[in-house]
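Here is a friendly walk through a model, written for someone who likes to know the cut-offs behind the words. Have the viewer open and follow along.

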Amino acid sequence: MDRVARGRAGAIILKRARMLKREWGRGKLPSVKIITLLLLMAPMSATRSCAQDSPRVPLPAEKIPEQAGLASAKVPRPEHRFWDKENTWLFAGVSSSRTLDYFSTLNLRRRHDQEILVTNDLVDNHAAFAVVEAAGTGVSIGASYLFHRYGHHKLERWTSIVHIGLATTGAVRNYCLKTAHPKTSP
């Protein structure tokens, strides 16, 4: 029954998406209500959303007498600890890339350029901006912990890898921008 309901929800979403595509072609923009409805219905149409398979639990040895000797030999490998060597290096990388982003953004403001993602008032208040950068690092570590806690160990690592890439790319972009020279009137 649950699978049938999900299939119907998916069909409704597809039908509505086709209708929106026709409307967009005529120049009509979708309303906020329609977009919200599609975003709320999308999780209902998913049949299964797991990043990794759960580990298989072997049956107890007393229930399978012919494999009693093999059950003790096949001990499942324990999962890694959260603060292992690889995660520690990844979190140090996230912290370093956020620090690089902090200094590149301050350099951008010293050259009288405008910050895009946050307000210029926040960037000009150095203490508040440092707290925002530190909070970004904390959120990244927290997201990694949630993935670790629920068994999504690949996503746990990729959270830090993507964060390092994006923060470093933003910092390099800030340094590569030309200095904005104010126009002076004669």
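## Histidine 112 and its loop

Histidine 112 sits in the loop that runs between α4 and α5. Helices here are DSSP runs of H or I with at least four residues, strands are runs of E with at least two, and both are numbered from the N terminus. The phi angle of histidine 112 is near 65 degrees, a positive value in a residue other than glycine. As background, most residues other than glycine have a negative phi. Histidine 112 counts as exposed, at 57% relative accessibility. For the accessibility classes, buried means under 20% relative accessible area, exposed means over 50%, and partly exposed lies in between, with a 1.4 Å probe and protein chains only.

A word on the basis of these values: this is a predicted model, where local features need pLDDT of at least 70 and side-chain atom pairs count only at pLDDT 80 or more, while totals for chains, interfaces and linings use all residues. Residues are numbered from 1 along each chain as its sequence is written, and side-chain values use heavy atoms, leaving out hydrogens and water.

## The overall layout

The protein chain has seven helices and zero strands, so that, by the DSSP runs used here, its elements read α-α-α-α-α-α-α from the N terminus on. Of the 186 residues in the protein chain, 24% are buried.

Among contacts (heavy atoms within 4.5 Å) with a separation of 6 or more, residues 24 or more positions apart account for 69%. Tryptophan 89 belongs to helix α4 and is exposed, with a relative accessible area of 62%.

## Salt bridges

Side chains of opposite charge can pair when their charged atoms come close. A salt bridge is counted here when a side-chain nitrogen of Lys or Arg is within 4 Å of a carboxyl oxygen of Asp or Glu, and by this rule there are four. In one of them, arginine 157 meets aspartate 84 at 2.9 Å, N to O. Arginine 157 lies in helix α7 (residues 153-176) and aspartate 84 in the loop between α3 (68-73) and α4 (85-110), so this pair ties together parts 73 residues apart in sequence. Both partners are buried: arginine 157 has a relative accessible area of 13%, and aspartate 84 has 17%.

Arginine 157 also forms a salt bridge with glutamate 86, where the closest N and O atoms are 3.7 Å apart. Because glutamate 86 is in helix α4 and arginine 157 in helix α7, the pair ties together parts that are 71 residues apart in sequence. Glutamate 86 is partly exposed, at 44% relative accessible area.

Arginine 109 counts as buried at 19% relative accessibility, and aspartate 124 as partly exposed at 39%.

Helix α6 (residues 126-149) and α7 pack at an angle of about 165 degrees, with their axes 7 Å apart. Axes are lines fitted to C-alpha atoms, for helices over the stretch in contact, and angles run from 0 to 180 degrees between N-to-C directions. The two helices are therefore roughly antiparallel, a label given to angles over 145 degrees. Among the residues that meet are Gly136, Ser140 and Phe147 in α6 and Leu155, Thr159 and His163 in α7. By class, this contact of α6 with α7 has three nonpolar, eight polar and one charged residues. Here Ala, Val, Leu, Ile, Met, Phe, Trp, Tyr, Cys and Pro count as nonpolar, Asp, Glu, Lys and Arg as charged, and the others, Gly among them, as polar.

The axes of α4 and α6 come within 10 Å and cross at roughly 155 degrees, and these helices are therefore roughly antiparallel to each other. The contact includes Phe91, Val94 and Tyr102 of α4 and Phe129, Val132 and Ile141 of α6. Its residues divide into eight nonpolar, seven polar and three charged.

Terms used:
Parallel < 35°, antiparallel > 145°, perpendicular 65-115°, else oblique.
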